[in-house]
Amino acid sequence: MMPRNIFLYIKEKLGPGLLFAAIAVGVSHLVQSTRAGADYGLSLYWLLIVACLVKYPAFRFGSEYAAATGKSLLQAYESQGRWVLLVYALCFPLDMFVATAAIALVTAGIFSNLFQLGIHDIWLSALLLGACAILLISGRYRLFENLTKTIVVLFSIMVIVSAALAVPELDWQKDALTREIVFDQPSILFMIAIAGWLPTGLTVSVFQSLWVCEKAKLSKHTLSIKETTFDFNIGYFGSILLALCFMLLGAAFLFNAGIEVAASPAGFATQLINMFTQVSGAWARPLITIAAFAVMVSTMLAALDACPRVASVLTSTLYPEGGFRPAKQYSFFMLIQVIGATLILLVFLQSFKTFIDFATSVAFLSAPILAFFNHRAMFSKAMPAKLRPGKVLWVWSLSGIVSMAAVAVYYLYIKLF
């Protein structure tokens, strides 16, 4: 009875938190966390943890605001002034197009490794985006949520077990297990790229609030702060654990062997699958490849579901006189997203690693702005006084905003001057 009870609990009580994990455990984990381990061994574990903790309040506020008020962060932004929505609308295309393009590119690399079809990465990315869009349009949230839960749980178990089995592969006697960090410009830019999407881009806090609202509507009862925070914490801290596991795998099988991360999506996918097969054996290679592909598909589904929802609500809120209805705009904006992400790859894709670093680094530009908006929402009059966070989270949130702003300014300074 216990396995069945656990399954029913996951199905009925969890949801948005696991969707958060699904969109987080993608490029930031499979690619960037693995690269951190491959290039620096275990030297950057602190960066991974600090980056995730700095962003924690801003992400958590998305879930808790929706649970407490029954409204999404977009409605909170609207109440702060039309200019806030306009600022968010300027930040949003980075996620809708650039982030989606990066996710699709990594997914295409794993798909190529699995089926060896010989299709160019860009066109394969477009085909995969189209297939996922059709799945979402036909099944919408319920199918998407149930499918994603299963994929994330199974893949998480596989990664944790593989990381545990990889520990003996680390040569703890070698000084080279950790690389000395020189804080020069290339190293700092690399660290910004690694931390930019750890655990994911801050725009996902808005997605999270929409998913909480949708979960409440489908379950036909108001979600409590306690339920929502517990669900969110499982997804958030689970994604941190998985990022550490990928860093360990990269250190064990790439850094220790002196192997440089491949410069192509398919080449990187091969290295990724090889890490797992070295732990479990060649017999498991097809299973591992399918699991890695499935979790990237879940990330793509999460991005493709969330962005049209946000774009629809933004349009109807900014232009209420237009008579736009979010439900009817869902499919239209998903089509725009697929086309836009494909065009991004056609125009800007020159190097796999360079493009991924660009996509993850620019996330820092909007992060402090969105964190500030989320902070204002959580401590606004719309939040019942008894449900507002305490002083610890208040200080934690403001400290994170200042830290992220400093990184964003430094990144812009390097790029512009």
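Ground rules. Numbering starts from 1 along each chain as its sequence is written, and side-chain values use heavy atoms, with hydrogens and water left out. Because the model is predicted, local features need pLDDT of at least 70 and side-chain atom pairs count only at pLDDT 80 or more, while totals for chains, interfaces and linings use all residues.

Confidence. pLDDT is the predictor's confidence in each residue, from 0 to 100. The chain's mean is 85, and 90% of residues reach 70 or more. Residues 1-11 sit below 50, with 8 contacts beyond near neighbours in sequence; contact means heavy atoms within 4.5 Å. Where pLDDT is low, predicted coordinates should not be read in detail.

Now the helix pair. Helices are DSSP runs (H or I, at least four residues), numbered from the N terminus. H4 spans residues 45-69 and H15 spans residues 363-378. Their axes, lines fitted to C-alpha atoms over the stretch in contact, lie 9 Å apart at about 40°. So H4 is oblique to H15, oblique being what is left after under 35 degrees (roughly parallel), over 145 (roughly antiparallel) and 65 to 115 (roughly perpendicular). Who meets whom? From H4: Ala58, Phe61, Glu64 and Tyr65. From H15: Ala371, Asn374, His375, Ala377 and Met378.

Next, H2, residues 16-24. 9 of its 9 residues are buried, meaning under 20% relative accessible area with a 1.4 Å probe, protein chains only. Among them are Leu18, Phe20 and Ile23.

Last, Ser112, in helix H6, residues 82-115. Is Ser112 buried or exposed (over 50%)? Buried, at 13%. Leaving aside neighbours within four places in sequence, Ser112 contacts Asp121, Leu124 and Ala266.

Methods:
Axes fitted to C-alpha atoms, helices over the stretch in contact; angles between N-to-C directions. Helix = DSSP H or I, 4+ residues; strand = E, 2+ residues; numbered from the N terminus.
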